[in-house]
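Please read it alongside the sequence and the structure.

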Amino acid sequence: MEGLSDVASFATKLKNTLIQYHSIEEDKWRVAKKTKDVTVWRKPSEEFNGYLYKAQGVIDDLVNSIINHIRPGPCRLDWDSLMTSLDILENFEENCCVMRYTTAGQLWNIISPREFVDFSYTVGYKEGLLSCGNNLNMLCFFSVWFKYLCFLGMFLSL
């Protein structure tokens with residue numbers, strides 16, 4: 001894939017960035033959304049104009065049984081109501097790929113449907129998962145820390 005000549009190096013950089021984000025002190029994060037089962041925090045990014053998001057939801061299950069709902073693939077379309085299509089353009093290894101997806105229009109299509117091409121990376125860490133999508137066009141990171149399972153759908157209702 002053009003622009004990704006050294007995938008292993010890029011994946012290592014993403015893993016290190018995710019661990020760095022995960023290690024940010026708790027008092028730097030502000031609660032954005034809290035429900036009975038899930039808490040979502042955010043903090044202004046120092047790398048790009050926007051926010052980093054961290055979510056935690058505890059599910060009494062094994063990480064391996066829910067990982068297919070986190071990684072790009074058909075299970076993602078089952079729960080993410082804003083995602084209308086998802087194609088894996090290239091798999092590099094089990095935990096990283098380049099994907100193209102489209103999102104549904106919002107607010108009576110005032111916000112039009114959009115297409116994104118992301119490098120997706122998910123890795124086991126401690127008792128859960130670290131996952132991120134890096135937009136290949138804008139090179140901006142967003143990261144989410146998963147402990148057992150994060151309901152990404154919660155982001156959609158923020």
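Two strands are taken to pair if DSSP finds at least two bridges between them, and helices (H or I, at least four residues) and strands (E, at least two) are DSSP runs numbered from the N terminus. The model is predicted, so that local features need pLDDT of at least 70 and side-chain atom pairs count only at pLDDT 80 or more, while totals for chains, interfaces and linings use all residues. Residues are numbered from 1 along each chain as its sequence is written, and side-chain values use heavy atoms, with hydrogens and water left out.

**Overall architecture**

- The protein has 3 helices and 8 strands, and along the sequence these elements follow the pattern α-β-β-β-α-α-β-β-β-β-β.
- Of its 158 residues, 43% count as buried, where buried means under 20% relative accessible area, exposed over 50%, and partly exposed in between, with a 1.4 Å probe and protein chains only.
- Among the contacts with a separation of 6 or more, 41% are accounted for by residues 24 or more positions apart, a contact being heavy atoms within 4.5 Å.

- An open sheet of 3 strands is arranged in the order β1-β2-β3, and its pairing is antiparallel.
- Strands β1 (30-34) and β3 (51-57) stand at the edges with a single partner strand each, so one side of each is left without a neighbour in the sheet.
- Neighbouring strands of this sheet are turned by 25 degrees against each other on average, direction ignored; the axes are lines fitted to C-alpha atoms, for helices over the stretch in contact, and angles run from 0 to 180 degrees between N-to-C directions.
- Strand β2 (residues 38-44) is joined to β3 by 7 bridges in the antiparallel sense, and Arg42 stands opposite Tyr53 in β3.

**Pairing of β5, β6 and β7**

- Strand β5 (residues 96-103) runs antiparallel to strand β6 (residues 114-125), with 8 bridges joining them, and Met99 stands opposite Asp118 in β6.
- Strand β6 also pairs with strand β7 (residues 128-135) in the antiparallel sense, over 8 bridges, and here Phe119 stands opposite Asn134 in β7.
- The hairpin of β6 and β7 has 2 residues between the strands, and Lys126 takes a positive phi near 50 degrees in this hairpin.

**Nonpolar cores**

- A nonpolar core is a set of buried Ala, Val, Leu, Ile, Met, Phe, Trp, Tyr and Cys residues joined through side-chain atoms within 4.5 Å.
- The largest such core has 14 residues, of which Leu14, Leu18, Cys96, Phe119, Tyr121, Leu130 and Cys132 touch the most other members.
- Two or more residues are given to this core by each of α1 (7-22), β5, β6 and β7.
- A second, separate core of 6 residues includes Tyr21, Trp41, Phe48 and Leu52.
- Leu18 is found in helix α1 and is buried, with a relative accessible area of 3%; its C-alpha atom is separated by 9.7 Å from that of Thr122, which is 104 residues apart along the chain.

**Cysteines**

- The structure holds 0 disulfides, a disulfide being a pair of cysteine sulfur atoms within 2.5 Å.
- Cys96 counts as buried at 1% relative accessibility, and its sulfur is 7.4 Å from the closest cysteine sulfur, in Cys97, too far for a bond.
- Cys75 is partly exposed, with a relative accessible area of 22%.
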